[in-house]
Amino acid sequence: TRSSSPASRSVIYEFDPLFEERKKIKFLSSSTEADDVDMLQIPAPPQRVDSLPDSSEAPVIPNDIEYFLYHRSTGNSFFFANEEQAKNNNASKQEGDVPGKKISNLVRWTSMKRAIKMVTDGTPWTPSAVRKLKSGIKVEELPSQRSPAKPHNGYLLKSPSCGDKPKDFIQRWCQLGEGKLLLSTDKNTVGKEMLPLENILSVQNVLDTRQSEDGSPVYCWELSVTGRNKSYLFGSLSSADSKMWMRKLLENLTNVFPSKLSAEYTRAGQCFVKEGISDEWNCAWVVLVKRALYYCQIQGKMKEIDLRKVRLIALQADKGCCSVVSDPGPHIQLYSVDKVIYFQMDSTKETKAWHQIIRASASESGPTIIDHQLTKDDVPVIVDKCINFVYAHGSMSEGIYRRSGANSNVTKLLALFRTDAWAVQLSRQDFTEYDVASVLKRWFIELPDPLLTAGLHKYFCNAARASAKCTVNEKISMFRNILDKLPRINYVTLRRLIGHLSFIHEQAEKNKMPVDNLAAIWAPTLMHVEGKGGLEWSRRECNVIVELISNYKAMFLVDCEEVDREKRMLEVLERVHISSSIPLHKPSGDLKIAIYIGSKMNGEAVNIVVSPTMEAGEVCQQLAHKTDYGPYELCLTEMVLGGALSRPLHHTDKVLDTALRWAYWDSADCKDNYFLLGVNTLYRELVPLAKPPISKSGELKFADQKTKSFRSYLFEFSQAKLSYYKDKACSIKLNEWPIEDIIWYTGHEPKRNPQTRWAITFIHKNEPVKRTKECPYFGCTIAGSLREDQLQWMAAMLLAQFQHTDLLPKPNLV
């Protein structure tokens, strides 16, 4: 039970006649004991040492007015400011009472009012009876007296302009304790400035460092107080000292938060909170630590809100606002996983400041997977939204995850997800399924630590190698043991992704993406590890993804309910796919294109009608009778810049897409472009070198769109990306281009000559090719001297670009 002060005991004895006899008996039995024992409650038995509660758990602090009167060293908290208390404060000041006496008077006054009211109503009264204030905010029984926070003192830098003027800090000796913060010019001077802790609304860490007069960095924090438009700005030359002051301040304000939170918080203060629309507003303390918000209602335990999982943080002004704040205004609505939580501070300025910092903390995504916004199942929101979109619109699309989306759309969408993933709305009007699929792949490959983690990389690869000698059950058990070692977010994200890829694989007849094709694309995306890019490691990575997709249901313990849900989804998607494949009108968009046979010099061109879906292999089949070769021996080549650059089309490339792309070039660059049908010699040279997986590196000459002259750099092609470095140690990467985002040609434009035996020029696939004053040249060009090197570079890029199918068409398929 709580120990009673003389003032509170006098209230009991003077205004509680129902217990007068009990008081007399108690005093006769032991006058000494009566000084420390509550007459109305039987003392609780002492706690056993072996059952002490965990000190890290936040204590239960009832919502009681006496709690604030006892534990706030001076004056009234803004929670309970009313006219009667204000009168008592003024009276105590006029009488010249010291702070301790003022507290006793307030406790005496509130206890007396309780006793009189309860006796009048005929209800048994005790100091721990439940009450309600005029405001309607609940107050509970008084807790045990807490240990007062230790005082703290030291020199601080204070900004007279509150941060408006740079380098205007002045040094002050500060003393924290006894419910106030005293400021003086030095240790021996009596404090001339006093800031009662009861007036503090919030404490906030200032992330940006300021500068002192001599240019030293100052680590600052702000105090927001009642009655001031501007916050006090304090700072220290030491980051550790600044954090210590913030910690001591919070501990002097309240002890409801563990010391770990007090030492790391960004902002802390007082507020009103209600949990759900039908709940009542209650007093609370709130603290923001990194991306988590902790609050403790005065009658409850501390609760945590993971801001990564908050779908919406809104500032709302309506009739549901708290009615007892001193400055009525909007309130904050946090849409958490299972309910909406409402917060409102004592002033509109405070509420808006809290809304701004909470929203910034919630949407701020870092580089690692745990730093991103999450669903209630701990899956990153970007992964969940992209997979749902591809499920609905891309499961039946041919080449899904192989075909790349528009680079401009991919970049735009990634930026939107990084700003606030919950706010992103995906629609077919704005993005295609290939755009969203490319976003998902790029997001995974840009993770600093791959999804399957670098630490478990060799274990996954070794398991895939050993699986050939194991039974099915042994293989599944082996993979499960490794999967269990993944961090939770990695595991649930991998489960979500592999389940999706398994569904895509099951629709391979429609989307042409069987498990081997998916593994070739996703293995370097999910298992990219520095120093393990060799042929053998790449083959093992592909085998890992094949095993995970093929045995998804067994490895991830998929239940019957999930299987049934997938079947229902498939039924809906198949109906949509069938309905969308039925042409409602006569196909349109066909274009007549001239195809030169053998050589343009011969002047022999054949005009054919090309539909939007016609592939290069179909053109070869249609015109093979005009040559002495079979369709599978021919190749359609795109010739640009008057024949200076050439690109042999893959037999699955869409001819019309290639022709229409020229419309986005400068007229001088596309006026002499044409298609040439000839013998497929280049692909036949490259096929023996294109053994998956493949990578290539070496020193090449390079010139971008801005420069005419060529310089030597170290280039590397690995994990479907072309990269180049500033030095041979590969310590500084200058740029990289994913193979899915570029189109490459053999040769170079006549305006610049690298003086080498071969050259490859590449441009961005989905961006207009326009020459400007700053970029007067066509694309970027790499060049080398050996023909063998050229074939190896081209084989590596072709294999990465067309992993889904053979480089050469099969005779029986054309």
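Q: Is Q204 buried or exposed?

A: The cut-off for buried is under 20% relative accessible area. Q204 has a relative accessible area of 18%, so Q204 is buried. The model is a predicted one.

Q: Where is Q204, and what does Q204 touch?

A: Q204 sits in strand β7, residues 200–205. Leaving out residues up to four places away in sequence, Q204 touches W221, E222, M246, T266, R267 and I357.

Q: Where do K290 and T453 lie?

A: K290 is in the loop between β12 (282–289) and β13 (292–297). T453 is in the loop between α12 (433–445) and α13 (457–466).

Q: Is each of them buried or exposed?

A: Exposed means over 50% relative accessible area. K290, with a relative accessible area of 58%, is exposed. T453 is buried, with a relative accessible area of 11%.

Q: How many cavities of 30 Å³ or more does the structure hold?

A: A cavity is a space where the probe fits but cannot get out. The structure holds seven cavities of 30 Å³ or more. The largest cavity contains about 120 Å³ of space. Its lining has 16 residues, and R647, P648, Y683, W744 and L798 are the closest to its centre.

Q: Which elements supply the lining of the largest cavity, and what classes of residue are in it?

A: At least two lining residues come from each of β21 (645–648), α24 (681–686), β27 (742–746) and α25 (787–801). The largest share, five residues, is from β27. By class, the lining has 10 nonpolar, four polar and two charged residues.

Q: Why does the largest cavity lie between domain 4 and domain 5?

A: The largest cavity lies between domain 4 (591–679) and domain 5 (686–801) because both give residues to its lining.

Q: What volume does the second largest cavity have, and which residues line it?

A: The second largest cavity has a volume of about 80 Å³. Of its 13 lining residues, L634, L649, H651, N680 and P809 are the closest to the centre. α21 (616–623) and β20 (634–640) each supply at least two residues of this lining, and β20 gives the most, with three. The lining of the second largest cavity divides into nine nonpolar, four polar and no charged residues.

Methods. Residues numbered from 1 in each chain as written. Predicted model: local features only at pLDDT ≥ 70, side-chain atom pairs only at ≥ 80, totals over all residues. Heavy atoms only, no water. 1 Å grid on protein atoms, 1.4 Å probe; cavity = no way out; pocket = protein on both sides within 12 Å on 5 of 7 lines; lining within 4 Å. Points joined across faces, edges and corners; volume = space filled by probe spheres on them. Helix = DSSP H or I, 4+ residues; strand = E, 2+ residues; numbered from the N terminus. Nonpolar A, V, L, I, M, F, W, Y, C, P; charged D, E, K, R; others polar. Domains from an automatic or database assignment. Buried < 20%, exposed > 50% of the residue type's maximum accessible area, 1.4 Å probe, protein only. Contact = heavy atoms within 4.5 Å.
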